Structure formats: structure tokens, C-alpha cells
Amino acid sequence: MKEVIKIVTRKSKLAMWQTYHIENLLNNAGMETEIIQLETIGDKILDVAINKIGSKGVFTEELEAALHAGEAHIAVHSAKDMPSKLPEGLELIAFTERERMHDVLVANKEIDITKPLTIGTSSTRRVAMHKRFNPHFNIVDMRGNLQTRIAKMKDGQCDALHLAFAGVHRMGYEDMIQHHFDLDIFTPAVGQGSIAIEASTSLDPELKSRIVKAVDHAETHACLVAERAFLKKLEGGCSVPVYGLAQLENNTINLSGGIVSLDGKKIINDIIKGNINRAEEIGSELGNILIDLGGKELLQEIKSNL
């Protein structure tokens, strides 16, 4: 009798899309699966900004508890939701091939981004970047799953939503995209566009190997190892306006990353390159460069004001 791979996930439509994608990859590799749906603290508390909830893993804690308890073999996450430091006994074992990584503005009407607009987002990174590059925008906190936020926008709570292209594409809302942000200006959150698979370090090695073989995309994995090493060096997370993007070209990783102050007035960034085999080292090196450029003080300032 085959072992059934138990997959734990959030209940939102986007999380379920991602989970069905993983399930299909596993099924195609001959593995049987079972899906377990849970609500996270980030799904339950919608009237408080993410950075005010007081939890590092607002979208991951309940799923990770299921892994610790042995109730599931793997958890499915948006890679960008993963804290830079995981709880002891857990690891990220695979990353799916990355969707396009950039941010977009979604609206149910035509908008002119040169004019004052009310933009909905729950990301401190996006808020800070708009304060820097689009000070004529009025930014309002917008929580909830994608469908909830679109409904709030249609109710007039904002003119447009600032979102990741990947989620908009996966949910079939591409026709609502009014603006695509340039990656060089609005560099995305670490991990954006990929699905991460988390498991217990005690997961059977043979089973782990089969899951990784079915799901993992080697080039994306290398890029996210670099990005996450960068984030870890800066002790960043969902509530800190740190951004990073690794792109691969001929076995060379090009990693750009930065930190922006909450008011958008200060920004520290740089770009480094290195061989794909040094992915983790490259990420740590960029983190150290930004720290030397004043990043430590800027991060302290940010965290004291969150």
C-alpha cells in the first residue's frame, strides 16, 4: 500500500490553487495525496496591519504546528510569506518554478498613475516604495484574501490594489491589471512568484527525495537560496521593507537587494554576482555589504517604528 502524502495548506483560493498545483506534480510522479486545510492567524485577523499582529509567521504558524505534530508530511506556502528563520526542526525542501516576479496595480476601471490615487496594500515594503517614488498616492491598509480585497476595492475603499503578478495571474484576474511595475524600481519581496514546500527535518529521506524530485525547480531553488540568505543576514521578515531578487544567467546569479525606510526617504541597495554554486554565500555577502553601508542602523530605526 502506497503512503499517502498529507499536504497542509491555508484555505484561501490562491493557497488552494498552489496546493492543487503541488498535488498534481506529486500525482504525476505516482504519489497519492491528501489535503488538509487550516486557517492561520493572518487569515483570521483582518482588521489589524500584518506588522501589528505580533507574530513572525502570520501565515505559517498553524501549518508548521501540523508538521511538528506529524499530522502532515509537507506544507505549501507562498515563498514570499516565509520568515527568514524557520522554527527548529523544519526546513524548506523545494521551490517550484517561478512565475513572473513583478508587482502590478489592479483596478476595475482605467487609472492614471500620474494622478493622485488611493492604493490598497498590506505590505510595508510597497508602502515605503510608494512614499519614495509615488508620494502623490494615498496608501490604505488592505487585508484579506485576493477576492476580499477586490470586493473592498469595488466598494470604493481604494482606486487600485498593489499586488504580486503571480497571484493575480493564478486567480485569473489579469484583465484587471492596469499597470506593471518595473523590477528595477519596485524590486519584489524575497521569494515572490514561487511556491515553497516545508517539511520536518525528520521526514523520511527517501520520501523527501521523491517529493523534491517531483516538485523542485533547480534554477529557482538556487535563486531563492541566495535571496533567503540575504534576508536572513538582515533579519528581515514580512513586516520589514527589505527586498531582494536573484536572477540566473549562464550559471551566474545576479542578486539585487535593498532596504527602504518606512517614510521612503532613505534607501540602501546594491547588486552582486556570483556562481550558482555559491548561492547562499552570495546572499550573505550582499547582506553584509548593506549592513556596512548603514543597513544595521536603518533596520534598527525601522523596527523601532513598526
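Which residue takes a positive phi in the hairpin of β12 and β13? The hairpin belongs to a predicted model, and the residue in question is G264, with a phi near 80°. Six residues lie between the two strands of this hairpin. On either side of them, strand β12 covers residues 252-260 and strand β13 covers residues 267-275. The two strands run antiparallel to each other and are joined over nine bridges.

The protein chain contains nine helices together with 13 strands. Its C-alpha atoms, taken along the principal axes, fill a box of roughly 60 × 45 × 35 Å. The radius of gyration of the protein chain is 19 Å, which agrees with a compact globule because a globule of 306 residues would have a value near 19 Å.

Considering contacts between residues at least 6 apart in sequence, 70% join residues at least 24 apart. Of the 306 residues, 52% count as buried. The accessible surface of the protein chain amounts to about 14100 Å², and carbon and sulfur atoms account for 45% of that area.

Finally, there is the matter of charge. The protein chain carries 35 positive and 42 negative charges, and the mean positions of these two groups are 4 Å apart.

Key: Residues numbered from 1 in each chain as written. Predicted model: local features only at pLDDT ≥ 70, side-chain atom pairs only at ≥ 80, totals over all residues. Heavy atoms only, no water. Helix = DSSP H or I, 4+ residues; strand = E, 2+ residues; numbered from the N terminus. Rg over C-alpha atoms; globule rule 2.2 N^0.38 Å. Buried < 20%, exposed > 50% of the residue type's maximum accessible area, 1.4 Å probe, protein only. Contact = heavy atoms within 4.5 Å. Areas by Shrake-Rupley, 256 points an atom, 1.4 Å probe, with all protein chains shown as cover. Lys, Arg positive; Asp, Glu negative; His and termini not counted. Charge placed at Lys NZ, Arg CZ, Asp CG, Glu CD. Pairing = 2+ DSSP bridges.
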